[in-house]
Amino acid sequence: MEEMEEELKCPVCGSFYREPIILPCSHNICQACARNILVQTPESESPQSRRASGSGVSDYDYLDLDKMSLYSEADSGYGSYGGFASAPTTPCQKSPNGVRVFPPAMPPPATHLSPALAPVPRNSCITCPQCHRSLILDDRGLRGFPKNRVLEGVIDRYQQSKAAALKCQLCEKAPKEATVMCEQCDVFYCDPCRLRCHPPRGPLAKHRLVPPAQGRVSRRLSPRKVSTCTDHELENHSMYCVQCKMPVCYQCLEEGKHSSHEVKALGAMWKLHKSQLSQALNGLSDRAKEAKEFLVQLRNMVQQIQENSVEFEACLVAQCDALIDALNRRKAQLLARVNKEHEHKLKVVRDQISHCTVKLRQTTGLMEYCLEVIKENDPSGFLQISDALIRRVHLTEDQWGKGTLTPRMTTDFDLSLDNSPLLQSIHQLDFVQMKTSSPVPATPILQLEECCTHNNSATLSWKQPPLSTVPADGYILELDDGNGGQFREVYVGKETMCTVDGLHFNSTYNARIKAFNKTGVSQYSKTLVLQTSEDTDSEEQTVPFPVPSERLPLRRMSPFSSTLNLQPSFPRRSYFDFRPSPHQLSLHSSLQSLNAPVAWFAFDPGSAHSDIIFSNDNLTVTCSSYDDRVVLGKTGFSKGVHYWELTVDRYDNHPDPAFGVARIDVMKDVMLGKDDKAWAMYVDNNRSWFMHNNSHTNRTEGGITKGATIGILLDLNRKTLTFFINDEQQGPIAFENVEGLFFPAVSLNRNVQVTLHTGLPVPDCYSSRASIA
């Protein structure tokens with residue numbers, strides 16, 4: 001209830017309403033405050049003068065705001081009469097609530113009477129402190145305004161709920177704590193106000209004063225005050241005037257101005273208005289609820305902004321640190337080059353110094369030797385060696401020829417670092433402002449000439465419209481479940497072509513595409529309808545998709561393997577396998593008899609163990625490990641009858657290969673059937689066993705050798721799995737009650753090589769038994 005407190009305070013005094021009255025503008029004001037803001041008007045503006053002039057006016061005449069301005073539009077704090085030169089301007093004051101109020105022209109005379117009973121200056125005017133509408137009082141003065149008993153009751157209950165200390169109701173500034181309450185006056189007094197306003201003499205001596213707490217209880221238990229008519233003070237309100245929208249008494253109906261108005265029962269209108277107020281509150285309550293949720297959203301935004309700010313600052317620091325690190329690394333590289341150049345120059349100069357030093361030592365020695373020879377006095381001995389010495393001297397002189405005494409290296413470094421582009425880039429380093437008002441991309445267009453199917457795969461291709469100028473960040477491809485169900489997102493990426501693997505036989509699929517960027521997503525493209533077919537042709541062919549749908553008759557497609565299982569066969573994996581296709585694929589289909597569809601497929605390198613070795617267009621497999629490794633077929637099955645065979649191309653050292661079916665998430669590094677995701681038959685050169693979840697059953701004599709043929713028959717109509725060796729059924733029906741999505745599977749090691757054969761009809765022996773059954 002604390003939010004309601006401002007509704008219970010007077011806009012003039014800022015305290016809780018005391019004896020509130022209702023102004024014609026529906027605002028409330030304390031009766032004492034109303035008297036304080038009365039302003040006396042010129043005689044010519046009084047109601048009496050208007051009636052004398054013949055103008056029809058009501059008891060309360062609103063002044064023309066163009067002629068009288070009681071407040072400043074510039075909010076200067078001053079108000080004045082604009083239409084009367086003789087009226088002095090009077091500074092206005094501001095209440096504790098910030099509302100301008102106008103003081104009286106002269107202070108009211110001291111009186112002990114209540115504000116309602118005190119005389120009001122003639123021709124008084126009152127201005128609502130909230131909406132600033134002005135009106136002139138009639139002869140009744142403030143008594144002509146109805147008292148708001150409901151507001152008084154609400155204030156009383158609110159103060160009781162606050163359980164605060166009772167305050168004096170007559171203190172002008174800071175109310176003191178009340179010490180007594182007069183039951184007759186229904187007023188709380190502090191000691192100074194009681195002595196000043198309620199002296200124990202005269203008629204007041206008979207009033208009963210009680211403690212404040214007792215007075216609160218007696219006030220709460222006192223009967224509800226009945227509102228009396230403002231025109232007939234002795235009469236209670238009994239009816240409601242619909243035209244004037246106010247309660248009236250029976251005398252008002254007989255002799256007053258309401259005699260010709262429509263009136264209704266007070267109780268009925270009370271209930272009606274309560275109902276209307278409750279209905280209005282429902283709408284306001286919804287808006288308040290939305291406002292609270294909006295405030296929660298704004299507060300969450302504050303928290304999110306703070307978190308994003310911290311994250312963004314950390315990102316900015318990291319980016320700047322990365323630039324600094326890159327600059328430091330480049331600095332180290334450049335310094336290394338400078339050091340390398342430095343070492344190279346020093347080496348060249350030092351080598352030249354060493355060479356010149358040796359040569360100079362040799363030259364100096366030759367010179368000293370020649371000088372000593374010249375000192376000899378033996379002519380014959382001198383002539384014996386003089387020619388050789390002369391040649392040596394000339395040869396040595398020639399060795400000191402041009403370039404020998406020139407430095408081989410300069411002292412300057414022929415390196416110049418150009419950092420101006422980097423400095424310019426640093427100065428231009430700034431944030432990239434994302435434009436949130438940029439448009440969404442245009443709707444993509446399906447390229448029907450490039451859409452095609454291949455076995456159980458469908459390839460769709462699309463492009464942006466030729467005149468589109470808004471780039472797309474990516475595309476979202478959606479496909480339904482083949483039964484008219486909801487669309488699912490099956491691919492999200494930047495590619496404009498996607499291959500979808502694993503569709504049902506004889507089913508109708510709907511596909512659509514939309515583009516997206518940082519602003520939003522585009523509209524969906526036209527829906528592409530695909531009808532898979534049971535009928536096939538004897539030759540491989542390319543079959544494009546049909547035109548976008550208005551649900552026209554469609555060309556019949558190649559049979560797709562029924563790999564879409566709506567039951568959760570394996571968790572946390574899509575029922576489709578999607579991959580972006582860099583080129584167009586074609587649909588290859590093969591002929592079969594019209595009694596049942598067949599599936600053409602190969603082994604899947606994408607899901608196989610890394611030790612599996614593929615050849616013969618992924619139809620032949622072996623292994624590089626001595627341990628058993630699992631490989632699956634590309635096509636999965638969830639309905640229909642399917643038969644395929646494997647021939648043993650190599651069989652060394654009597655291994656135990658396993659053949660059967662498995663889920664997509666089967667273990668790939670153990671023998672098939674070791675976990676609960678595979679149903680298999682493993683066989684050696686003498687016998688075979690059925691295995692599921694590491695449980696071995698139905699040992700059967702008869703094994704395999706090189707050239708043997710193993711057949712697997714998956715009948716999902718009867719939910720059975722049967723095995724054949726060399727066209728003979730191996731043991732009983734291996735597994736029953738198999739349902740879900742199954743992929744052909746084989747486990748083998750390096751001692752075995754097998755080749756897959758698909759698109760085969762069901763064995764005659766099984767067909768005959770099925771027809772008999």
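His654 lies in the loop between strands E29 and E30, where helices (H or I, at least four residues) and strands (E, at least two) are DSSP runs numbered from the N terminus. The model is a predicted one, in which local features need pLDDT of at least 70 and side-chain atom pairs count only at pLDDT 80 or more, while totals for chains, interfaces and linings use all residues. Residues are numbered from 1 along each chain as its sequence is written, and side-chain values use heavy atoms, with hydrogens and water left out.

Most residues other than glycine have a negative phi. His654, although not a glycine, has a positive phi of about 50°. With a relative accessible area of 53%, His654 is exposed; buried means under 20% relative accessible area, exposed over 50%, and partly exposed in between (1.4 Å probe, protein chains only). Asn616 is likewise not a glycine and has a positive phi of about 55°. Asn616 is found in the loop between strand E26 (612-615) and E27, and its relative accessibility of 45% makes it partly exposed.

A nonpolar core is a set of buried Ala, Val, Leu, Ile, Met, Phe, Trp, Tyr and Cys residues joined through side-chain atoms within 4.5 Å. The largest such core has 37 residues, and Trp644, Leu646 and Leu714 have the most contacts inside it. E29 gives the most, with four residues. Leaving aside residues up to four places away in sequence, Leu714 touches Phe637, Gly640, Val641, His642, Trp644, Val661, Thr720, Leu721, Val738 and Phe742, a contact being heavy atoms within 4.5 Å. A second, separate core has 22 residues, including Cys10, Cys25, Cys30 and Cys128. In soluble globular proteins, nonpolar side chains tend to be buried together.

Aromatic rings were examined next. Rings of Phe, Tyr and Trp (its six-membered ring) pair if their centres lie within 6.5 Å; planes under 30 degrees apart count as stacked, over 60 as edge-to-face and the rest as tilted. The count by this rule is 10 aromatic pairs. In one of them, Tyr643 and Phe724 are edge-to-face, at 6.0 Å centre to centre and 85° between the planes. This pair links distant parts of the chain, with Tyr643 in strand E29 and Phe724 in strand E35, 81 residues apart. Both Tyr643 and Phe724 are buried. The rings of Trp679 and Phe742 have centres 5.3 Å apart and planes at 85°, so this pair is edge-to-face. Here too distant parts of the chain are linked: Trp679 is in strand E31 and Phe742 in the loop between strand E37 (735-736) and E38, 63 residues apart. Trp679 counts as buried at 11% relative accessibility, and Phe742 is buried at 0%. Elsewhere, ring pairs join Trp462, Tyr475 and Tyr491 into a cluster.

Charged groups also sit over rings, by the rule that NZ of Lys or CZ of Arg is within 6 Å of the ring centre and within 35 degrees of the ring normal. The charged end of Arg512 sits over the ring of Phe487, 3.9 Å from its centre, and that of Arg750 over the ring of Tyr626, 4.6 Å from its centre.

Helix H7 (residues 266-374) has 109 residues. From its first C-alpha to its last, H7 reaches 156 Å, close to the 162 Å expected when the span is taken as 1.5 Å times one less than the number of residues. The buried residues of H7 are Met269, Lys345, Val348, Gln352, Lys359, Thr363, Leu366, Cys370 and Val373. They pack against strand E14 (239-241), strand E16 (263-265) and helix H8 (379-399).

No disulfides, defined as pairs of cysteine sulfur atoms within 2.5 Å, are found in a search of the whole structure. For Cys197, the closest cysteine sulfur is that of Cys193, which at 5.5 Å is too far for a bond. Cys197 is partly exposed, with a relative accessible area of 25%; Cys356 is partly exposed at 21%.

Met497 lies in strand E22 (residues 497-501) and counts as buried at 8% relative accessibility. Met497 and Ser461 are 36 residues apart in sequence and 4.3 Å apart in space, C-alpha to C-alpha.
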